[in-house]
Amino acid sequence: VIRRAVGWLDDRSGRAPLLRRALHYAFPDHWSFLLGEVALYAFVVLVATGVYLTFFYEPSSARTVYDGPYAPLAGREVSVAYDSVMRLSFEVRAGLLLRQTHHWAANVFLVAIVLHLLRVFFTGAYRRPRDLTWTVGVTLLALAVVEGFLGYSLLDDLLSGMGLAIAYSTLLAVPVVGGNLGLALWDGPFPGGPAFASRLYVGHVLILPVAIGTLLALHLALVAFRRHTQFRGGRAREGIVVGTPLWPGYALRSLGLLLATAAVLVLLGGLVQILPVWQWGPYEPWLGSNGAQPDWYLGWLIGALRLMPGWEPHAFGYTFLPTPFVGGLAFPLVVFGFLYAWPWLER
């Protein structure tokens with residue numbers, strides 16, 4: 001079947017040598033090379049479940065009265081966004097399953113990227129000529145963190161509201177231009193104007209997914225063009241990759257990994273509760289909770305904010321380096337700047 005398909009395509013395009021070379025592309029057999037694939041397949045699950053969720057979610061901060069089946073909130077005034085999340089969780093068929101699967105997939109996506117990044121870092125696979133591949137991977141990590149934050153900020157529950165309040169305060173702390181940036185992005189003072197919910201939604205379901213998908217394609221292309229790195233031993237060396245050819249061995253193994261990743265994520269979505277928004281309740285600007293904890297991939301940022309000392313330099317009537325700016329923006333910029341620069345710093 002494959003031979004006939006290649007022959008048919010070659011008759012019309014003359015690309016048989018290229019296809020033959022692609023089908024014989026060798027992949028290293030070490031298990032750590034599957035971490036990147038787990039990230040890719042978690043992204044596939046994210047897109048598939050996210051498309052379903054968009055049919056029922058309404059990105060609106062307008063107020064409505066909740067009259068759904070969850071009795072503790074009956075008659076409570078909530079936002080349309082929160083009301084749609086509650087209906088998605090309690091009334092839409094398979095809604096809660098897919099919402100929780102989507103959230104678990106986001107966590108696994110970030111876990112796999114970080115572990116893949118660590119594998120590349122500690123094995124030196126970022127070195128020239130693969131430094132551009134490393135740069136694309138670090139950018140993917142940064143965009144994935146922002147995408148995850150925007151995702152759980154859409155729910156308009158107490159947890160997401162506290163996260164947005166912290167983000168708004170951090171942005172206001174940017175020297176000189178922070179106030180204007182906050183008002184521009186939030187469409188007015190916190191909690192934001194009517195356009196803010198739509199901006200979050202468009203960023204989460206369109207702008208960042210397209211950017212992440214494009215960078216994933218570029219990342220995979222760069223890996224293929226430069227060929228995989230691999231651990232030393234036997235006949236393996238820079239010019240020769242020892243492993244499984246793309247067809248049929250690796251393609252079938254990769255398909256199995258896709259199905260296994262999706263199965264595990266669906267099982268997690270069905271059996272392990274995550275982000276029960278009905279327990280937090282809707283967000284109100286006068287409510288707050290010191291016990292609010294973000295997802296794990298933002299824990300290092302909230303930790304930096306909490307560890308910052310209560311000291312800020314003042315001069316000429318201005319505050320230089322406000323604490324929220326140093327802990328919430330300057331610190332992650334330094335971390336990612338170090339990751340971007342590391343291949344050249346090491347060289």
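At what angle do helix α3 and helix α9 pack, and how far apart are their axes? Helix α3 (residues 35-54) and helix α9 (residues 194-226) pack at an angle of about 155°, with their axes 12 Å apart; axes are lines fitted to C-alpha atoms over the stretch in contact, and angles run from 0 to 180 degrees between N-to-C directions. Helix α3 is therefore roughly antiparallel to α9 (an angle over 145 degrees).

The table lists the residues that form the contact (heavy atoms within 4.5 Å).

| Helix | Contact residues |
|---|---|
| α3 | Leu 40, Phe 43, Thr 54 |
| α9 | Tyr 201, Val 205, Pro 209, Ile 212, Gly 213, Leu 216, Leu 220 |

By class, eight of these residues are nonpolar, two are polar and none is charged; Gly counts as polar and Pro as nonpolar.

The model is predicted: local features need pLDDT of at least 70, side-chain atom pairs count only at pLDDT 80 or more, and totals for chains, interfaces and linings use all residues. Residues are numbered from 1 along each chain as its sequence is written, and side-chain values use heavy atoms, leaving out hydrogens and water.

Buried residues (under 20% relative accessible area, 1.4 Å probe, protein chains only) make up 42% of the 347 residues. Phe 109 touches Ala 39, Ala 42, Phe 43, Leu 46, Ala 144 and Ile 212, not counting residues up to four places away in sequence.

Key. Helices (H or I, at least four residues) and strands (E, at least two) are DSSP runs, numbered from the N terminus. Angles under 35 degrees count as roughly parallel, over 145 as roughly antiparallel, 65 to 115 as roughly perpendicular and the rest as oblique. Buried means under 20% relative accessible area, exposed over 50%, partly exposed in between (1.4 Å probe, protein chains only).
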